[in-house]
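Okay, thanks for coming, everyone. Let me put the model up and then walk you through a few contacts.

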Amino acid sequence: MTTHASADHAHGADNHGHHELTFLQKYVFSTDHKVIGLQYFMTGVFMGVLGALASYVFRMQMAFPGASVPGFGLVTPQIYNQMVTNHGTIMIFWFAMPVLIAAFGNYLIPLMIGCDDMVFPRLNRLSYQIFLFSAVLLIASFFVPYGGFGGAWTSYPPLASNPVYNQTPYGAPMWLGAVALEFVAFLLGGINFITTLMNARAPGMKMYDIPMVVWMIVIASILFMASVGPLIAGAAMLLFDQTLGTGFFDPARGGDPLLWEHLFWFFGHPEVYVVLLPAMGIVAEVLTVFARKKLFAYRTVLWTAVATGVLSFFVWAHHQFVAGIDPRMANIFTVTTLLISVPITEMSFVYIGTLYGASIQLSTPMLFAIAFIVEFLIGGVTGIFLGASGADIYFHDTYFVLAHFHYTFVPIAVIAVFAGVYHWFPKMFGRYMNDTWGRIHFWGTAVPFNGIFIPLFYTGMAGDHRRTFDHLNFPDLARADLIFWRQFATVSLLIMLGFQVIFFINFFYSMFRGKKAPANPWNANTFEWVAASPPPHGNFPTLPHCYRGPYEYSVPGRATDFWPQNEPAPKT
Amino acid sequence: MWWLLGSEITIFGGLLICYIMMRIMYAPWSEAAAHTNTLAGSINTFVLLTSSLFAVLAHHAAEHKNGKLAALYLWLTIGGALTFLVVKSIEWTNEIRHGYTITSNTFWSFYYTAAGLHGLHVIAGATAMAIVSFDCLRGKNLQRVEIVGIYWHFVDIIWIFLFPLLYIAK
Amino acid sequence: MSQAADGHHVNPKHEQSHGMDHPASYYVKLWALLLVLLVISIAGPMLGHKVLTMITAFGIAGVKALIVAAFFMHLNVEKRFVWYMLVTMLLAVLMFFLGTAADVMKYEGAHWTKPSAYLYTEEFKKAFSGGEEHDSHDAEDEDSKALPYVPYGAKATNGAMGHSSPKPEHH
Amino acid sequence: MLNWIIQGASSYAGQIDNVIVIIAVLGGFWLILAEVALFYFVMKYRRSRAPKAMHVTGYEHEYKKWIHWPHYLVIACDLVILVFAARAWYHVKQSMPEHIDEDIRVVGHQWAWEFVHQGADGKLGTADDINLVDELHVTVNKTYRFHLESADVLHSFSIPRFRLKQDAVPGREIIGWFTPTIAGTYDVPCSQMCGLGHGIMGGRIFVETEAEHRLWLDSVTGKTAANPAHGLGKLASTQGGN
């Protein structure tokens with residue numbers, strides 16, 4: 001493998017003659033990892049906006065049932081289900097994954113390990129094209145007769161497998177096809193990341209010299225690869241059930257709906273860590289730069305990440321405690337689930353430990369990074385309620401679950417991404433983003449976010465079930481306090497969405513008019529800051545050599561408080 | 001490449017595990033399995049094993065920088081792939097004619113899904129080999145022979161497991 | 001993988017360092033061995049012994065796969081990490097099997113039964129009316145237990161061989 | 001703790017609430033500790049107060065112990081939680097009370113619950129079964145064993161007041177039990193996505209005293225006029241349970 005990788009690599013480098021490229025070459029058929037990374041980013045953010053608008057529609061329905069949603073219209077149960085389903089699907093598969101793994105991975109991995117491009121640039125482009133096609137397919141599924149799929153993002157059969165039940169004969173297969181294509185795109189991308197890290201590191205870069213975010217993205221890719229296979233097979237089976245009428249998941253014909261649940265969650269739980277780990281990596285980079293401090297116990301972070309990844313394969317059935325699995329199995333999965341809290345706790349402690357004795361500059365990315373830890377801790381602790389079988393009997397499929405995983409996913413996919421964007425924006429576009437507006441955006445995001453989901457913990461405890469389009473149909477849930485908190489959550493959502501406008505204005509304005517940034521605006525150590533901002537085609541004038549670990553900040557006896565990885569040690 | 005194969009293992013592994021679980025559970029499926037054509041399966045196993053041999057010989061030739069010979073062996077391998085597909089299509093035609101379609105029952109669903117997925121890999125492998133063989137004739141990119149070869153052996157291995165699972169165990 | 005990643009630096013010529021100079025006849029011999037194994041695996045079931053069939057079919061499949069993987073795919077000279085990676089993937093699949101089998105592979109368990117599966121098995125047997133030999137002890141043990149009650153899930157359909165999908169009873 | 005928000009009304013509600021309280025206390029302790037430490041560090045080591053950062057690798061024993069000891073303590077807390085959670089789980093899901101007063105059959109449909117009461121003869125599957133749509137009548141302090149099925153897609157039989165939840169899987173019959181302890185009328189929503197009408201799929205459970213229950217029984221079996229208290233009572237077709 002190595003041979004061919006490097007051969008292809010050399011081949012790719014030949015193609016990268018530094019001549020002027022036409023527009024098509026530069027943007028549409030580009031094999032440059034930076035362009036592909038930005039394409040992933042833009043597509044992902046666009047899909048994220050769609051997902052956020054979907055949440056606007058159904059949250060309005062939750063708070064004011066039956067009222068016409070401004071700018072949208074009346075929400076029927078069909079539309080509601082479709083919005084909820086596609087909000088979940090889009091946010092995880094078309095926003096969190098492309099932005100966290102594909103965009104940051106593509107953009108950062110070659111820069112951070114000091115090479116000029118991915119080892120398989122054309123595979124990379126193919127991966128993006130498949131991804132783009134899958135996004136288009138998903139959006140198209142809204143507009144087919146009978147509407148888009150509405151069977152929840154878990155897509156449990158027989159609801160998902162039989163048009164008689166889900167009443168979306170075209171939407172359901174299109175949804176499933178889009179998801180399957182998206183998996184293929186990320187498989188190709190993941191192979192590329194792993195091979196790149198293994199084969200194309202700068203000379204001198206040893207295992208413990210690799211920046212944490214690169215490690216995290218690669219570990220996440222490996223997890224994705226090992227877990228998604230059965231679900232791809234399962235997706236083929238479900239697609240045949242939907243279109244050809246086979247009976248893989250039809251109990252009357254020997255199939256078993258629980259088989260799908262297992263296939264789905266065997267992938268679905270590692271998937272949580274697939275998106276968590278890159279976010280952890282981004283936060284590690286931002287924390288160390290703005291705390292001017294070495295990452296506390298690098299090896300511990302790395303090995304807890306590996307341990308989390310391994311353990312994540314043993315915990316999936318905690319999503320199915322009351323789903324009809326054998327109750328004896330639940331005990332095993334409770335043990336493994338509680339076990340996985342250990343490495344995650346340790347990782348969180350290490351991040352807090354990194355701040356000990358630091359010199360913290362509360363810039364916008366740093367604020368987001370700290371907010372990530374604050375919010376993620378809440379998400380992690382509330383997870384224990386759900387991982388412990390006894391408590392899960394009550395909390396399963398309530399808004400408590402929903403609030404819990406939003407407390408993990410929003411820090412991961414929104415807050416950590418903002419930290420990363422504010423941090424690497426100068427590198428991507430050669431200009432700073434406006435810091436004042438960044439801070440306003442931060443407070444407008446972090447505070448309303450808690451305003452959305454803390455009330456939902458409460459309504460979940462009171463028994464609100466998920467995916468119910470109107471809780472007032474249930475007399476016990478028509479209590480005044482619950483109605484108030486539902487409206488509170490919705491208003492918080494509106495505020496949070498409103499503040500995102502500031503981000504987009506800031507983003508696009510700074511892209512063209514922002515203050516010019518030097519190559520290393522934050523005085524950071526890692527390789528990407530060695531390249532010019534924005535990095536040209538081919539990244540580095542000469543490929544750097546690595547002399548030390550990525551987090552050597554505030555080393556005693558040095559004039560500056562940073563020590564770039566490519567700077568040779570002074571002769572003694 | 002190895003990572004690609006690793007992910008393929010989990011895809012086929014997932015499908016086959018589902019099949020195995022149901023097969024063990026529903027013992028009467030053996031009566032459906034009795035209607036598979038063991039002869040066709042055996043011929044195909046033989047064809048694939050032989051084509052694997054050609055693939056490794058192609059790699060061998062490529063190692064010795066003999067592009068023309070490597071291309072020849074690759075085309076023999078592709079011939080094996082085509083033979084495999086022809087036998088497969090005759091077999092399926094017969095089975096469908098006897099009324100065993102993908103919806104007949106879940107055994108046949110698995111049979112067609114697993115074999116169909118494998119067939120797609122055969123087609124993909126043959127296409128890749130065809131592309132590589134043209135480069136070989138010009139003596140370019142000889143190291144790619146090994147990649148397609150490895151892929152082809154993997155397709156072969158999958159069949160080695162499919163064969164007893166679908167045809168022999170009754 | 002980390003250890004491997006360490007030693008995995010760009011090494012374009014690594015193949016020359018491992019002896020790859022087997023003559024072509026070496027591969028032909030391996031191929032002949034594979035064919036012999038193939039014949040055994042086909043002949044195995046003809047002896048009509050269940051356990052023997054399993055051993056010849058799947059044992060030999062394993063051996064064949066190993067031979068192809070090790071010698072044709074040159075895994076025997078590849079870096080160690082490739083083995084680790086492939087075995088890890090297999091372990092992931094095995095893990096999936098272990099977690100899932102308790103639900104999917106059984107007719108009943110603690111506090112649950114699958115009436116539709118009993119029914120399906122019954123109808124399947126009927127469909128193949130020949131039914132002379134049910135040498136499977138498993139199924140018969142299970143079948144001998146009385147069907148508790150005809151369940152909704154199974155009743156609403158046209159049975160195991162039916163093509164149409166179950167229809168909801170009321171809305 | 002949960003009783004403040006929603007009063008538990010079954011024999012095991014208290015046990016499940018206890019698990020939740022234990023997790024809240026143990027988890028809450030670590031959460032607050034971690035958040036306080038985090039905010040303390042952020043305040044104390046602002047650049048304005050701490051212009052120069054320390055160089056700490058994190059492998060020095062004096063610092064490492066701050067990570068390691070909490071980490072062992074977390075394992076200990078996990079063990080405690082595990083014991084309580086598993087005991088509650090065993091009690092609710094894995095065991096079955098010795099004495100069962102009545103069997104009921106619960107069938108999920110798109111989009112209504114069908115409840116089969118065993119009727120006067122005390123057996124399910126006989127002619128005098130009482131099939132009701134979205135209405136389940138039970139007597140307080142009696143132990144019920146339910147047989148849960150689904151006619152079409154996945155549903156989930158959930159009574160938040162009882163802290164009870166179990167998915168109904170087509171093709172399976174799943175049994176469980178509950179003992180209501182407080183009389184009243186509670187929701188029985190479906191908590192698993194089951195299609196368009198998922199949001200309206202809610203039955204009611206009527207937990208009645210012995211006398212009320214008898215009154216109801218008489219009203220459905222035609223011995224007396226319909227009970228005005230339960231005017232909703234509509235008889236389902238008697239297609240099930242034979």
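So, which residues in α1(B) meet which residues in α5(B)? On the α1(B) side we have Leu15(B), Leu16(B), Tyr19(B) and Met22(B), and they meet Thr106(B), Phe110(B), Thr113(B), Ala114(B) and Leu117(B) in α5(B). By class, that contact has seven nonpolar, two polar and no charged residues. Contact here means C-beta atoms, placed from the backbone, within 7 Å. For classes, Ala, Val, Leu, Ile, Met, Phe, Trp, Tyr, Cys and Pro count as nonpolar, Asp, Glu, Lys and Arg as charged, and the others, Gly among them, as polar. Helices are DSSP runs of H or I, at least four residues, and strands are E runs of at least two, numbered from the N terminus.

Before I go on: this is a predicted model, where local features need pLDDT of at least 70 and side-chain atom pairs count only at pLDDT 80 or more, while totals for chains, interfaces and linings use all residues. Residues are numbered from 1 along each chain as its sequence is written, and chains are lettered from A and ligands numbered from 1 in the order in which they are written.

Back to geometry. The axes, lines fitted to C-alpha atoms over the stretch in contact, come within 11 Å and cross at roughly 160°. Angles run from 0 to 180 degrees between N-to-C directions, and over 145 counts as roughly antiparallel, so that's what α1(B) and α5(B) are.

Now chains D and A. Their contact takes 78 residues from chain D and 83 residues from chain A. On the chain D side, α3(D) gives the largest share, 19 residues. That side has 47 nonpolar, 18 polar and 13 charged residues.

Definitions and conventions. Contact = placed C-beta atoms within 7 Å. Parallel < 35°, antiparallel > 145°, perpendicular 65-115°, else oblique.
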